[in-house]
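Have the sequence and the 3D view open as you read.

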Amino acid sequence: MSTPVGDPGRRRPALDRPALVALLLGAAGVGYRLVLTLFTLPTSNSDEATFGLAALHIATGHERPVFLYGQRYMGMLESYLAAPLVGLAGPSWPVLRLPLLALYAVFLWLAYRLTRRLFSPWLAAFVVGLLALGSERVVRDQLTVVGGRPEVKPAVLAMLLIAVALGERRVRHRWLATGVFGLLTGVALWSDWLIVPYLAVAGLLLLWAAPRDLVGWPGVLLVVGFLVGVTPMIKDNVVAPDGQDSLSVFREISTKDGVAPPWSDRLHGGLLEGVPLASGLCPMDGCARWQQWFGLLYPLLLVAAAGLALVAYRRAAEAAGRVRAVAQLALVAGAALTLIGYARSPLAATDPLGNARYLSVLQISLPAVLWPLWLAAAHALRAAAGAVARLGGALAGLVLAALTAGALAATVAFVADAPALRAEERGARELADAVRRVGLHEVYGDYWTCNRLIFNTGEAVVCGVLDGTLTPGQNRYPAYWKRVGRAARPGYVLAVGSPAERGLRRLLGDRADAAVVAEVGGYRVYHPESAVRPWR
């Protein structure tokens, strides 16, 4: 920040050049995502609709869910944030996503503040620029209401900033800071268990940097804040049936009986697919071989960043410098632990594209990962740099340029695909309109149709989930299934040619065509003369 000089009546701009550049890049990133939000890009789905329906239930006072319906480990903070807006404006995808846009803006601001504090102003501006870009994978993690990641990332950045400020003795109300640290820890733990590695390193940083603030009233407020944030999770787990507590459910979905892919496959899926996808370098359908380079480089950059942090710690002449070096190590450790935890799961090998979203929290450590490259490139510009340093700096600069170009290309590709994605979203809304137009209020459908249909109709239509064999599927909210089950003459909304549709047509026989009341965007809406429930 600049200060007044010369004439007292004249002031220099309040922002220095790195801060101004970061502000412009951040505003571009927020504006880009605002446009995407207004156009419901990326497209919605039934997982997101479940959070939207929970927000609607919260707004009307019908429910106070702690965890996602039918999934007792994913916190519902995003639904609570959206509930006031959904209550005022009604069910709407842009309205549902607006709180996440605000969380993204907070994340950018905190990322800039932490990077500037620990590393350098211009690196902070560069990090904001990279985070302003957004492939479909990256933006989907940031803007779609599917739980956890959009809120825990700014929470961790705030915790790290608090710990550093306490260690540097820059905080006046230290007891309040520790209370906020505890509250953020509890809320983040309730919201998404995948953030545990970063919560652990942030807690260790606080313990090392400000041990005196963990005793007395500040320590009490730290514990109280944590308990307040995590109380919903504790309360729900106390009353959960056997096997339905958060730990049991999380363990079940993280493993598959009888499936033990080799470490080589898990590392390939985690590093070569997951890291580039989560970094915004690849399209949603996977990384080409030439796009996997950043996954190979990522562990090396973590090792280099850890080495630089250790050197900075040894060279620090004052406590504040050592605190910043330990905070850098915390960023490295958080990323390393997250990668190790992800690679241990069979899902890293069996479905790397579908599960790369779990690595989006690595954005927290982006400044530390880029720091070795940034430092090498900056050192090469010095007049005293030797030939080897200049060559290394040129290579580092090339990597930074390639990273930027890759993220930009993936962003452009996402924008180019927008018309097709918009058409798919319009098709879902037209299907909802068609179901309402034919007078149906209770229907059966597949998982990826049902809750999306319910949200698009504002619960005017409810849907029971069936699998491909026309037997009950994953019904997250049992009340919908029960309501459809009580209907005297429910309808069916099925994809044309799907196993479920073929099965229904076999059951209906000669009456199949007569039962079709609408066909929209690859779906057929059936309304048989009498109820068809083969599972009963």
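Start in the loop between strand S4 (462–465) and helix H21 (478–486), which is where you'll find Leu470. This is a predicted model, so keep that in mind throughout. Leu470 isn't a glycine, yet its phi is positive, at about 60°. With a relative accessibility of 4%, Leu470 counts as buried, because the cut-off for that is under 20%.

Now hop over to the loop between H1 and H2, which holds Thr40. Here's another non-glycine residue with a positive phi, this time near 50°. Thr40 is buried too, at 1% relative accessible area. Side by side, the two look like this:

| Residue | Phi | Relative accessible area |
|---|---|---|
| Leu470 | about 60° | 4% |
| Thr40 | near 50° | 1% |

Stay in that loop for Pro42, which sits between H1 and helix H2 (46–60). Is the peptide bond from Leu41 to Pro42 cis or trans? It's cis, with omega near -5°.

What about the surface? Leu34, Val35, Leu38, Phe39, Leu85 and Leu98 make up a nonpolar patch there, and together they have about 490 Å² of accessible area. Which helix gives the most to the patch? That's H1 (residues 17–38), which supplies three residues. Val35 is a patch member that lies in helix H1. Its relative accessibility is 44%, so Val35 counts as partly exposed, a class that runs between the 20% and 50% cut-offs.

Note on methods
Residues numbered from 1 in each chain as written. Predicted model: local features only at pLDDT ≥ 70, side-chain atom pairs only at ≥ 80, totals over all residues. Heavy atoms only, no water. Patch = residues over 30% accessible without salt bridge, like charges linked within 9 Å, V, L, I, M, F, W, Y side chains within 5 Å. Areas by Shrake-Rupley, 256 points an atom, 1.4 Å probe, with all protein chains shown as cover. Salt bridge = Lys/Arg side-chain N within 4 Å of Asp/Glu carboxyl O. Helix = DSSP H or I, 4+ residues; strand = E, 2+ residues; numbered from the N terminus. Buried < 20%, exposed > 50% of the residue type's maximum accessible area, 1.4 Å probe, protein only.
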